[in-house]
Amino acid sequence: MSQIELEYASFGAPQAERLVLVLREGALATNDPDAAITQRRDVRVVGVRVTDDEVAEPGGYRGQSPAAVTVGALVELASSVLLEGSFAVVGVGVTGELAVRLALALPERVDRLVLVAVPAPTTPLDRDDGEDLLAGVRAKTLILNGQKDPDAAAAAAEWHRAHIASARVEMVPPAGSVDPRLALRTVWERVLSFTAPRTARRA
């Protein structure tokens, strides 16, 4: 039994065979990033809201770290909500490491992984730990970063790509002049085309 209870919501096609799990922070984490785009595909999406405390992986932590506990809860969620079969995982921003850890925990189920605007580690210890994690990823991976994202631009994308066996990078131009950070909504169509291929509904 998990030590935490995750907040989540499903959207898209309830009976669809293809499943996508999206990890985000914030109040909109359990909302459909773009319902019009989602409805054009035969896919079921489960949005999970996580907090800063639940993604923490402090160095020298004794016992299970908050991130490890959260991954355990995500494994339970996958068993109870996603049931059987393969699925894709999407990590946005700081939830990227959780997405990677879930792919490692369920390698026989997670077949595709997307990292959206995920920053690179900032300390040598975090980089070493991150490299070890990424080296174990076997899921086909897409890395989407903003060209002018102040936290996750080309250097962060390349760092992740260099340590994942099967990964490609796509850099996204700014969508507007107000906020240069890449939002999931901006790339939602590309995320679904990668995580749920051959699911587009005929007009």
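Which side chain meets glutamate 158 in a salt bridge?

View 1. The partner is arginine 161, at 2.6 Å from N to O. A salt bridge here is a side-chain nitrogen of Lys or Arg within 4 Å of a carboxyl oxygen of Asp or Glu. Helices are DSSP runs (H or I, at least four residues), as are strands (E, at least two), numbered from the N terminus. This is a predicted model: local features need pLDDT of at least 70, side-chain atom pairs count only at pLDDT 80 or more, and totals for chains, interfaces and linings use all residues. Residues are numbered from 1 along each chain as its sequence is written, and side-chain values use heavy atoms, with hydrogens and water left out.

**View 2. Arginine 40 and glutamate 189 form a salt bridge.** Their closest N and O atoms are 3.6 Å apart. Arginine 40 sits in the loop between α1 (35-38) and β3 (43-49), and glutamate 189 in helix α7 (residues 184-195), so the pair ties together parts 149 residues apart in sequence.

**View 3. Arginine 201 and aspartate 42 form a salt bridge.** The closest N and O atoms are 3.8 Å apart. The pair links distant parts of the chain: arginine 201 is in the segment after α7, and aspartate 42 is in the loop between α1 and β3, 159 residues apart.

**View 4. Arg168, Glu170 and Arg190 are linked in a network.** Salt bridges make the links. The count of salt bridges comes to ten.
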